[in-house]
Amino acid sequence: MGELLGCQRQPWCPPGVPVVPGTSAPVATLAEAQDFAARVGFPIIFKAAHGGGGRGMRAVHGPQVLRGGRGSLGASRGSSPSWGHRGVGGFIFRRDIWGDKHGNVVHLYERDCSIQRRHQKVVEIAPAACLDPQLRARLASDAVRIAQQVGYENAGTVEFLLDRNGNHYFIEVNSRLQVEHTVTEEITGVDLVQAQLLVAAGRSLPELGLQQDSVRVNGCAIQCRVTTEDPARGFQPDTGRIEVGAGGGRGRRTRGGGWGLRGKPGALISPHYDSLLVKVIAHGPDQPSAAAKMSRALAEFRIRGVKVGAGLHEGVLSPSCLLTPMATSLADEHPLPAERPRPPPVPGGGR
């Protein structure tokens, strides 16, 4: 269920759930790729069948690029043009689901993860602000039906693509907690990590108070991924030793990426790991207040010793951006502020 190719074979997919066009086996030759393109049209995406996090994905916008050779796209044996139009001018929404050993399934509403750069998530917002209520209900229904069809147990995320015509397509199931689960925790008040352990121990969702009519959305939550990348060098990952590290603040959370280890003075940022330094999560009664908290948190970040691309998020958090649907191509087609001027040094270091 957690494999892209398995989703395309879809013997378990409930009737009526639209599935994004894709291949049912790895593409091994150029001829196979051309045949797929002839059937579904351009643009298409080459994606490693067992990859994740946007790595190794290449967009193909026409036959000339395809004829240039799959090697030039970074694809390899075992990679697949899994679907058309994914991440090319569309929108991506994720539905958090939860199943237990007793057949109960609930959804925990959606996250908008359309704001990406190089096919990797930059900002996640929950709930999605510009989602039509009828479409929101269809996404919830499809996600629950998919989980029920296979007797799903544990936390998971059902991912959908929405094209510019308003058509939604099922992409895949991430059968695990994801990096972005914190925004779901913020708007629902559910400790997903604790619930995961209790469900694994045999507790039912009703015993944990997780019934669909009791799951409510409380306000809005935003998560930004802050990475050690140099905006002046095309966001190339930067390395070095952190000299000063401070951030967070009232009403915000900082998690992941080893903030407690990698984000403190003296920590070494090496080239051998992902460039994610910290996840910053802000929650408020509505989207504008959550965005204002996030902007303040990012402005208060003090990182010295390595480059940090926190300024990338500032354009996304502006009211003009937040009030309009944001496609996956936003950050690539419309370059956002990359790095704000450094604040004056504070005597004694720190803030």
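Which residues are buried in α4? Leu135, Leu139, Ala140, Asp142, Ala143, Val144, Ile146 and Ala147 are. Keep in mind that this is a predicted model.

**Helix α4**
- Helix α4 covers residues 133–149, and its 17 residues should span 24 Å at 1.5 Å a residue; the end C-alpha atoms sit 24 Å apart, so the two agree.
- The buried residues of the helix, Asp142 among them, pack against four strands: β4 (91–99), β5 (105–117), β7 (154–162) and β8 (168–174).
- An α-helix has 3.6 residues a turn, so residues three or four places apart point the same way.
- Where α4 starts, Asp132 brings a side-chain oxygen to within 2.9 Å of the backbone nitrogen of Gln134.
- After α4 comes Gly151, with a positive phi near 65°.

- Going from Ala126 to Pro127, the peptide bond is cis, with omega near -5°. Pro127 belongs to the loop between β6 (120–126) and α4.
- Tyr109 isn't a glycine, yet its phi is positive, about 70°; you'll find Tyr109 in strand β5.
- Asn154, in strand β7, is another non-glycine residue with a positive phi, near 105°. Its relative accessible area is 22%, so Asn154 counts as partly exposed.

**The whole chain**
- The chain has 10 helices and 17 strands, and 51% of its 351 residues count as buried.
- Among contacts with a separation of 6 or more, 70% join residues 24 or more positions apart.

How values were computed:
Residues numbered from 1 in each chain as written. Predicted model: local features only at pLDDT ≥ 70, side-chain atom pairs only at ≥ 80, totals over all residues. Heavy atoms only, no water. Helix = DSSP H or I, 4+ residues; strand = E, 2+ residues; numbered from the N terminus. Expected span 1.5 Å × (residues − 1). Buried < 20%, exposed > 50% of the residue type's maximum accessible area, 1.4 Å probe, protein only. Contact = heavy atoms within 4.5 Å. Polar contact = N/O pair within 3.5 Å; in protein donor to acceptor, adjacent residues only side chain to side chain.
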